[in-house]
Amino acid sequence: MTFTALHRALGVPPGPLTDELLDAAVHAGVAESTDLDWKSELPPIKALSQTDFPKDVAAMANSGGGVIVFGVRETQKAATRRIDVGEFDETYERALRSATITAISPPVFGLNVYRLGDVGKRAVVVEVLASVDGPHLIYKNDYFGAPVRNDSDTVWMKERQIEAMYRARFDERRHATEALDNLFTEAAVGRNSHERAWLIAVAHPRVPRLHHQLTRDQARDVLAKTEQLALLYAGRGGVHPLESMDQLNPRPGLRRWVAVNTATDERSRSREAWASIHHDGSVVLAAAAGGHRSGSESYFAGGQVPSVTIECGIADLMALVRATAAATGNDEYDVRVGIDWFGEEPLTILTTDNYGFTYEGVSTPLHRYTPVDLTVNAAESDLDFYWHIHDLALDCVNQGGISNLRMIHPPERTDQQ
């Protein structure tokens, strides 16, 4: 689901960006605006960074996002007819994305590129998402400037505008940190962290893009997709928090859907876990990580956490981020993973030896676990996202003296992506 300037101009609800939607916009003579720019031709792929394309993208990013449509002729800023832009392949698309990284500072990530229409009226739509990293600057030779949209025109920011945008960037960063802090604190409240360690993991979209809250059925679909992805990321063999939740019946909470704990009997209570999907696209996971079963009649101490439990929790959280982002239209997320433990003994992260037996000879006892933060693009390629999961999990277990992961093993990259 997406909601672009074309949807807004035509007064239609969020939905796919289709060839029919573009036809309707042209037929209605929709005029250019702050978030809509008509272009009749694609920029030449040769020396793309020296064309107006980086400037147009930076201007959109500095103005709250929008779409640049290649393949529409305009008169007096209003669309008049479709123009075929010619062949547009993956090489061309990669060149466009590369130009927004190499020719703009800070880079503009997360472009959505759509190919619409058949031969004779082929069009390319570049969706530039809202950015919290403005002002985005364009460098040419020894000079730089910050472009911005002024209704249908692109102009250069004055010094005071640039100053105000830098101030807004710092304010936005502070607000995002506060939002993550609040999610983490709320998720940790009320847990029996004096008796057993709890894995607390949260993620908040940097620029929430949800235009409607998920229905119960949609939340159920997100949880089902999450389970599939989590098993892809970490496989079976550890304790996945998702296995201890009611995924089929998410319950309403305060501006969120909650997957409640189902581990309530005496034998399974050590695997208690909760998750929530917030209406703004944030996600939360809280799971008992210490005191799990170590044998048929034995348990680890409350401050003993198997490293595979951390891996499974991170796989479940990141799968929830990936599935929620796809359902809500969000992309960049700030992620935080921590372990709450207030028992008398130090926290110990356990691993296994080559024979599969629990081993703590390399563990570093921790009196306090420092939460690990990460910013990730939930809309990036499957392999790149998988490697972010790997690196996050590795950071989390390294803190306890553990060198290697046991369950999260993405395939090696075969190219230089």
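Author: What follows is a short exchange about helices, salt bridges and a few backbone details.

Author: This is a predicted model, in which local features need pLDDT of at least 70 and side-chain atom pairs count only at pLDDT 80 or more, while totals for chains, interfaces and linings use all residues. Residues are numbered from 1 along each chain as its sequence is written, and side-chain values use heavy atoms, with hydrogens and water left out.

Reader: OK, how many residues does helix α7 have, and how far does it reach?

Author: Helix α7 covers residues 307-328, which is 22 residues, and spans 32 Å from its first C-alpha to its last, close to the 32 Å expected. That expected span is 1.5 Å times one less than the number of residues, and helices here are DSSP runs of H or I with at least four residues, strands being runs of E with at least two, numbered from the N terminus.

Reader: And how many residues of α7 are buried?

Author: In α7, 19 of the 22 residues are buried, so the helix is largely enclosed by the rest of the structure. Buried means under 20% relative accessible area, exposed over 50%, and partly exposed in between, with a 1.4 Å probe and protein chains only. After α7 comes Gly329, with a positive phi near 85°.

Reader: At what angle does α7 pack with α8?

Author: The angle between α7 and helix α8 (residues 382-398) is about 145°, and their axes are 10 Å apart; the axes are lines fitted to C-alpha atoms, for helices over the stretch in contact, and angles run from 0 to 180 degrees between N-to-C directions.

Reader: Which residues meet there?

Author: From α7 they include Ile310, Ile314 and Met318, and from α8 they include Phe385, Ile389 and Leu392, where contact means heavy atoms within 4.5 Å.

Reader: Changing topic: how many salt bridges are found?

Author: The search of the whole structure gives 27 salt bridges, each being a side-chain nitrogen of Lys or Arg within 4 Å of a carboxyl oxygen of Asp or Glu. One of them joins Asp84 and Arg122 at 3.0 Å, N to O. This pair links distant parts of the chain, 38 residues apart, with Asp84 in the loop between β4 and α4 and Arg122 in the loop between β6 and β7.

Reader: What about Glu93 and Arg97?

Author: Their side chains form a salt bridge at 2.9 Å, N to O, and because they are four residues apart in helix α4, about one helical turn separates them. Glu93 counts as buried at 15% relative accessibility, whereas Arg97, at 29%, counts as partly exposed.

Reader: Which residues are linked in a network of salt bridges?

Author: Asp19, Asp23, Arg82 and Lys121 are linked in that way.

Reader: Is Val124 buried or exposed?

Author: Val124 is buried, with a relative accessible area of 1%, and its place is in strand β7. Leaving aside residues up to four places away in sequence, Val124 touches several residues, among them Leu42, Ile68, Phe70 and Tyr114.

Reader: Last one: where is there a cis peptide bond?

Author: One joins Ser105 and Pro106, with omega about -10°, and Pro106 sits in the loop between β5 and β6. Another runs from Gly134 to Pro135, with omega near 5°, and Pro135 is found in the loop between β7 and β8.
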